[in-house]
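Open the model in your viewer and keep the selection tool ready. The stops below go residue by residue.

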Amino acid sequence: MFDHSRARFEELVRSVLERAARLGATAASTDVSESSGLSVNVRKGKVETIEQTRDKGLGVTVYVGTRRGHASTSDFGERAVADTVKAAFEIARFTGEDPCAGLPEPDTLARAPRDLDLFHPWTIEADEAIELARRIEAAAFAVSPAIANSEGASVSASHGHFVSANSLGFVGGYPYSRHSIACAPIARRGRAMQRDDWYSSSRHAARLADPEALGRYAAERALARLGATKLASRKVPVLFESPLACGLLGHFVQAASGTSLYRKASFLLDALGKDVFAPHLDVDEDPLQPGEFGSTPFDDEGVATAPRCVVSAGVLGGWFLSTYTARKLGMRSTGNAGGAHHLRLSSRRTAPDDDLPAMLRKLGTGLFVTELLGHGVNGVTGDYSRGASGYWVEHGRIVHPVEEITIAGNLKDMYRGIVAVGADEVLRGTRRCGSVLIERMAIAG
């Protein structure tokens, strides 16, 4: 599956650090990686694309005092590696000084990183992947004659491994995998057409959703959207479907990131230790969950990760900081170089039976949002305005689909106005969340 062994990668990173020291670097870090993948897409039973990828790369960051230089190459030959280290060193010599630049504090680095079960190879061949994609799409078409078209079904399998090291003695790396299946059917009734999709992803192919069930569910979602209408402008409770609720968590991460904070481009400035969410809510980060996306024993700088409660009972208890952004803020790294790890938004009020029907009953009369369009989120002010579609709900029951509307509010008010979080959790990217009910938002029809 890989052209290079872990031992070869460790040999490469050692040679890079030695070359940097010989040139006169005061400190250096490097990473080397390799990945491979297969992706196929089938539309109406015919193969549209087959992509097989194989990539590799080596990057080196050199420090001369507080000056920093970086260079990279995809050639692992001795001459190319030497030239790359030299290029990084020359950049560092002539770039401006930055007192916050440098390697992490030695006591923050990971020692003997643990195995988190992140690598599960899927040795699927192209012909097998094509057949699997056809099964998914065929299951969608079989749901109803109204499923008249498709944007296709896809299957992908990807694998990689890497080793990172720095001149403070840190060396770490591991193999990883990511696999997914997806389907995007199109429903038609007369001149009206609606599209929807669904996907499943996992590090382990055996944990992907049943292919036929996924195809049927994607088709049912598309069919349910037929007959969508607009709504008159009003203010009502809004229920975000689980995948969209994960996006709300993503906006929080962006606002709580060190880069946004030291640039004073966040609506959460000076919010540490204050109420940010409703008092029944927690946001937990657990990078040590075995087998999960977002799990890692160390961040992109080699800083050790650990479980923590970012928000407890609505109160913001921490930021997402790298070594550099922490120094800019006069703080210590939180082990988030490269971003947030495995995050979960939860409510202390959620019951095990708070599935989607239960959340619709809690919504009562209002809007159930299943798709968002556009990028109308202002990270500085928290103003939120997105195109949306979904379903109008009355007395806890879906009445009809809606489209071509806009929902608006402010994230500060929206987070504090979260009434409930469902038990219908999904994982999207590195964020896990159930459906989220917000007390009131403005709808423009």
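Contact here means heavy atoms within 4.5 Å. This is a predicted model: local features need pLDDT of at least 70, side-chain atom pairs count only at pLDDT 80 or more, and totals for chains, interfaces and linings use all residues. Residues are numbered from 1 along each chain as its sequence is written, and side-chain values use heavy atoms, with hydrogens and water left out.

**Stop one: arginine 428**

Select arginine 428. Leaving aside residues up to four places away in sequence, arginine 428 touches Trp198, Tyr199, Pro243 and Cys246. Arginine 428 sits in strand E17, residues 426-428. Helices (H or I, at least four residues) and strands (E, at least two) are DSSP runs, numbered from the N terminus.

Which side chain of opposite charge is nearest to arginine 428? Show aspartate 197: it is 7.0 Å away. Arginine 428 is buried and has no salt bridge. Buried means under 20% relative accessible area, exposed over 50%, partly exposed in between (1.4 Å probe, protein chains only). A salt bridge needs a side-chain nitrogen of Lys or Arg within 4 Å of a carboxyl oxygen of Asp or Glu. Lys and Arg count as positive, Asp and Glu as negative; His and the chain ends are not counted.

**Stop two: lysine 235**

Move to strand E8, residues 234-240, and pick lysine 235. Is lysine 235 buried or exposed? Lysine 235 is exposed, at 58% relative accessible area. Its contacts, not counting residues up to four places away in sequence, are Arg440, Met441 and Ala442.

**Stop three: the rings**

The whole structure holds 14 aromatic pairs. Rings of Phe, Tyr and Trp (its six-membered ring) pair if their centres lie within 6.5 Å; planes under 30 degrees apart count as stacked, over 60 as edge-to-face and the rest as tilted.

Select phenylalanine 252 and phenylalanine 277. They are edge-to-face, 5.3 Å centre to centre, with 75 degrees between the planes. Phenylalanine 252 lies in helix H5 and phenylalanine 277 in the loop between H6 and E9, so the pair ties together parts 25 residues apart in sequence. Phenylalanine 277 is buried, at 3%.
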